[in-house]
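Dear colleague,

My notes on it follow.

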Amino acid sequence: MQHPSTSIYSLQFGLVCLSSFLFSASFNMLIPELPAYLTAMGGAEYKGLIIALFTLTAGLSRPFSGKLTDTIGRIPVMAVGSLVCFVCGFLYPMLTTISGFLLLRLIHGFSTGFKPTATAAYVADLVPAGKWGEAMGIHGICFSTGLAIGPAIGSTITDHYSINILFYCSSLFALLSIVILANMKETLPGKAKFKLKHLKIDKKDIIEWRVIPAVVIIFMSYISYGAILTVISDWSAHLGTSNKGLFFMVFTLTSLLIRFVAGKASDNYGRTHILKVSLALLAASLLWIALSSSSLSLMLASALYGIATGMLSPTVSAWTADLSNPAQRGKAMATMYIALEAGIGLGALLAGWLFIDDLRMIPVTFYCCTGITVLALIYLQFIYKPKREAVNG
């Protein structure tokens, strides 16, 4: 159900953006500190699993979240995602073994398996089709602001207090996200009450085949993000950056700035045109990260990475909405996020396998990510054959 107004701005749109900001800050404030936390437990060789396990359950839960989003409603599914973050924040200080920590990472992944899927469908419901790129861009600004602020807050809290206080703060942010959801109006018409049968997944519930072109691009482009989440803290420290969250803050801030225009540009000029530019910039930024020999060089590469992802993210989300069947929008968004989580998970495993505390392998990791991103650009330029390019809906 789309909003009759031509403007994307409304109270409900503002509330979903605020909820997403708190949610993204909640789980991302942990990221810079978890590798050192796991190493202190004696689990340095499992660093690649910090992100891989998280994304594994996120990906596995997507078919369920997509189906539930299209049946019981957008808001209940968003609430489940925030609730998982709230609970996990309290459990981290209690489960202090390597196996307990890795189990929690598995459970924590359900949060991003549920909330972003329902949120993307909710935003598409609220906004006219010709404004999807702009709306995804503005919503992405709020989500990315949480991603930017989260790591910096997380490192500051850990430095001045303790990592357990950080875990509790993560829970607080998730709780506030849930409170906001309680004041939002459902957009799914004719929603059903939850029944156990809704958890039964058939083959047809897993993949929305109409959005496969977007799936290919998002999978290949997000492999680099998994690698960054796994090794960039070590690379930053090696190059002399004292705050391990600074890389994340820089790239997310530049991502915020470009999102003001990138989503709207894809509405006006077409999704694939903007995606080609963003993939070229993404490849360049990854090569720059690999070649960086100083903290300043790394931060400049981070800024370019942010510009690339800030263009790519809202555009590919809007492209997914363009390609999808409106009656199966939740499944379409779930399919997109399955690809995203698979890419992040594969990138994390790749980085963890190559790295294993050998700093000489970090540039090799990013050379591999550069090559994969170039392959995505080749697919879009030479292999993908559009039936109809989406411009202005």
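Ser61 itself sits in helix α3, which covers residues 47-69, and with a relative accessibility of 2% it counts as buried. Please keep in mind throughout that this is a predicted model.

Next, the helix packing. Helix α1 (residues 11-28) packs against helix α5 (residues 98-126) at an angle of about 160°, and their axes are 11 Å apart; because angles over 145 degrees count as roughly antiparallel, α1 is described as roughly antiparallel to α5. The crossing of these two helices, α1 and α5, is left-handed. On the α1 side the contact is made by Gln12, Phe13, Val16, Ser19, Ser20, Phe23 and Phe27, which meet His108, Ser111, Thr112, Lys115, Pro116, Thr119, Tyr122, Val123 and Leu126 in α5. Sorted by class, the contact of α1 with α5 comprises 8 nonpolar, 7 polar and 1 charged residues.

Helix α1 also has a contact with helix α6 (residues 132-160), where the axes come within 7 Å and cross at roughly 30°, an arrangement that makes α1 roughly parallel to α6. Here the crossing of α1 and α6 is right-handed. Among the residues that make this contact are Phe13, Val16, Cys17, Ser20 and Phe21 of α1, together with Ala135, Ile138, His139, Cys142 and Phe143 of α6. By class, the contact of α1 with α6 has 14 nonpolar and 7 polar residues, and no charged ones.

A further pair is formed by α4 and helix α7 (residues 163-181), which pack at an angle of about 160° with their axes 7 Å apart, so that α4 is roughly antiparallel to α7. As α4 passes α7, the crossing is left-handed. From α4, Ile75, Met78, Ala79, Ser82, Leu83, Cys85, Phe86, Gly89 and Phe90 meet a set in α7 that consists of Phe167, Tyr168, Ser171, Ala174, Leu175, Ser177, Ile178 and Leu181. The residues of the contact of α4 with α7 divide into 13 nonpolar and 4 polar, with no charged residue.

Turning to charged side chains, a search of the whole structure finds 7 salt bridges. One of them joins Asp125 to Arg74, with the closest N and O atoms 2.7 Å apart; since Asp125 lies in helix α5 and Arg74 in helix α4 (residues 74-91), this pair ties together parts that are 51 residues apart in sequence. Both partners are enclosed, in that Asp125 is buried with a relative accessible area of 1%, while Arg74, at 3% relative accessibility, also counts as buried. The two residues belong to a network of salt bridges that links Asp70, Arg74, Asp125 and Arg329.

Which residues does Arg271 pair with in salt bridges? The side chain of Arg271 meets that of Asp267 at 2.8 Å, N to O, and Arg271 also forms a salt bridge with Asp322, where the closest N and O atoms are 2.6 Å apart. The latter pair links distant parts of the chain, with Arg271 in helix α10 (residues 271-291) and Asp322 in helix α11 (residues 295-323), 51 residues apart.

Leu253, placed in helix α9 (residues 246-269), has a relative accessibility of 42% and counts as partly exposed; its C-alpha atom is separated by 8.9 Å from that of Ile307, a residue 54 places away along the chain. Ala342, found in helix α12 (residues 329-355), is partly exposed at 37% relative accessibility, and the C-alpha atoms of Ala342 and Glu208, 134 residues apart along the chain, are separated by 16 Å.

Definitions and conventions. Residues are numbered from 1 along each chain as its sequence is written. This is a predicted model: local features need pLDDT of at least 70, side-chain atom pairs count only at pLDDT 80 or more; totals for chains, interfaces and linings use all residues. Side-chain values use heavy atoms; hydrogens and water are left out. Axes are lines fitted to C-alpha atoms, for helices over the stretch in contact, and angles run from 0 to 180 degrees between N-to-C directions. Helices (H or I, at least four residues) and strands (E, at least two) are DSSP runs, numbered from the N terminus. Angles under 35 degrees count as roughly parallel, over 145 as roughly antiparallel, 65 to 115 as roughly perpendicular and the rest as oblique. A crossing is left-handed if the near helix is turned anticlockwise from the far one by less than a right angle, and right-handed if clockwise. Contact means heavy atoms within 4.5 Å. Ala, Val, Leu, Ile, Met, Phe, Trp, Tyr, Cys and Pro count as nonpolar, Asp, Glu, Lys and Arg as charged, and the others, Gly among them, as polar. A salt bridge is a side-chain nitrogen of Lys or Arg within 4 Å of a carboxyl oxygen of Asp or Glu. Buried means under 20% relative accessible area, exposed over 50%, partly exposed in between (1.4 Å probe, protein chains only).
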